[in-house]
Amino acid sequence: MHDSGEFSCEVTGFPGYEQEILRLRNSNRNEPETREYLDWRYQRSADSPEPQVFWLLTPDRQRIGMASVVFRPYWSNNMRVQTAVVGDISLDTRWRGRGLGQTLLRFMTEYLDAHFPQQPAFVIPTEAARRALANVGWVTSGALVPHVYVLDATRYVRALVRSGWLATRIARRMRALERIVTRLRTKRVGALHLKDTLDESLLEFARRLPPSGGAVRDLGPESLNWRYAQHPHTRFTFARFTRSGETRGLLVFEDSTLEQTWSIYDLAAKTPANLSARLTLFVQRARSAPDLVTLRVTLDERHPCRAQLRALGFIARRPDTVFQVHSHSGMAERLAWCVTQGDKDT
Ligand SMILES: CC(C)(COP(=O)(O)OP(=O)(O)OC[C@H]1O[C@@H](n2cnc3c(N)ncnc32)[C@H](O)[C@@H]1OP(=O)(O)O)[C@@H](O)C(=O)NCCC(=O)NCCS
């Protein structure tokens with residue numbers, strides 16, 4: 001336990017604190033979560049340390065703030081490293097704006113430095129959390145940039161021309177032209193198979209995926225299964241890219257029917273050429289899906305896939321948010337992190 005004036009901080013594990021975590025988290029978020037979601041979120045892999053929950057307590061021992069760390073495997077310089085992923089940062093509203101969030105996050109950072117000095121730490125924070133973390137020494141390593149591909153331009157053209165009839169006709173022409181360009185690009189490049197389960201061929205592909213440079217989340221079978229196949233409320237689709245009968249790439253996306261969008265969370269391929277071919281096939285497949293308006297993919301600003309996305313016609317929007325890192329040794333701050341939507345909310 002650590003005392004700061006009248007308030008104190010302490011650290012516990014996850015079991016036994018589920019209801020308190022759920023209460024604090026839900027009273028400080030727009031969208032409430034379930035116990036089932038929490039159990040999924042705090043699930044750890046067999047070789048990772050136990051999740052750590054950091055608490056801020058009032059003098060009469062009420063838990064008014066929390067932050068948690070769940071260790072997830074990342075690859076860094078060809079080594080599998082358990083990374084301390086920070087989340088569930090919450091401080092009850094009436095206690096905000098007086099430095100208490102910072103007190104809690106300083107306690108957490110010092111605790112990680114002392115007990116997990118070899119583990120880099122990572123977070124995708126909200127703006128309030130970013131400021132508090134920056135004040136206790138966390139470094140912003142990059143920004144997350146949403147990339148959008150417009151499949152049906154009607155609503156965008158309509159903003160420029162008054163007539164709905166004309167907008168539909170212009171958008172239809174644009175779509176036909178783009179379809180021809182994509183078809184020319186995809187000649188003899190391979191095939192794409194969409195499934196709503198992770199089948200054995202994809203797991204086998206994930207098992208043999210070579211570690212990429214920089215710091216990147218592990219996409220091995222166990223991680224993929226947990227992150228996507230076992231997610232308590234989001235249904236993901238798995239796209240398998242094959243060429244000459246061999247699996248050469250994987251792409252995971254969420255079909256958001258309400259938003260008429262496919263959002264890509266993760267993508268991996270054997271070679272950059274495979275990646276490019278697979279993205280082209282993916283765009284072509286999306287064109288034949290009824291009522292789909294856009295494709296979206298969020299990547300950090302140095303991610304190797306960005307050039308391919310731009311070449312295909314994806315437009316980079318203003319960065320959504322940033323990610324911050326911290327390590328006792330300064331190693332996490334020197335790494336080139338490769339971040340996608342799949343790193344969020346984990
Ligand atoms: C993120 C969160 C925990 C931050 O808590 P907080 O106590 O408000 O944050 P801080 O400790 O940084 O204090 C905020 C402000 O209080 C003021 N402050 C700091 N120390 C102070 C002190 N000793 N006395 C008076 N005011 C002080 C400062 O103006 C500070 O802002 P600054 O960083 O621009 O200087 C809180 O906003 C929260 O729970 N938000 C909702 C959930 C959320 O967004 N979670 C993040 C998910 S990743």
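How far apart do the C-alpha centres of domain 1 and domain 2 lie? They sit 33 Å apart. This is a predicted model, where local features need pLDDT of at least 70, side-chain atom pairs count only at pLDDT 80 or more, and totals for chains, interfaces and linings use all residues. Residues are numbered from 1 along each chain as its sequence is written.

**View 1. Domain 1 meets domain 2.** The bounds, from an automatic or database domain assignment, are 2–137 for domain 1 and 145–319 for domain 2. Twelve residues of domain 1 are in contact with 13 residues of domain 2 (C-beta atoms, placed from the backbone, within 7 Å). On the domain 1 side, α2 (35–41) and β4 (63–76) each supply at least two residues, and β4 has the largest share with five. Helices (H or I, at least four residues) and strands (E, at least two) are DSSP runs, numbered from the N terminus.

**View 2. The shell around the ligand.** Here 18 residues surround the ligand, the closest being Arg96, Gly99, Gly101, Gln102 and Ala132 (near means a C-beta atom, placed from the backbone, within 6 Å). β5 (79–91), α3 (100–115) and α4 (127–135) each give two or more residues to this shell, and α4 gives the most, with five.

**View 3. Helix α9.** Residues 272–287 make up this 16-residue helix, which reaches 23 Å from first C-alpha to last, close to the 22 Å expected (1.5 Å times one less than its number of residues). Its buried residues include Leu275, Leu279 and Phe282 (20 or more other C-beta atoms within 10 Å of a residue's own, placed from the backbone).

Methods:
Buried ≥ 20, exposed ≤ 12 C-beta atoms within 10 Å, placed from the backbone. Contact = placed C-beta atoms within 7 Å.
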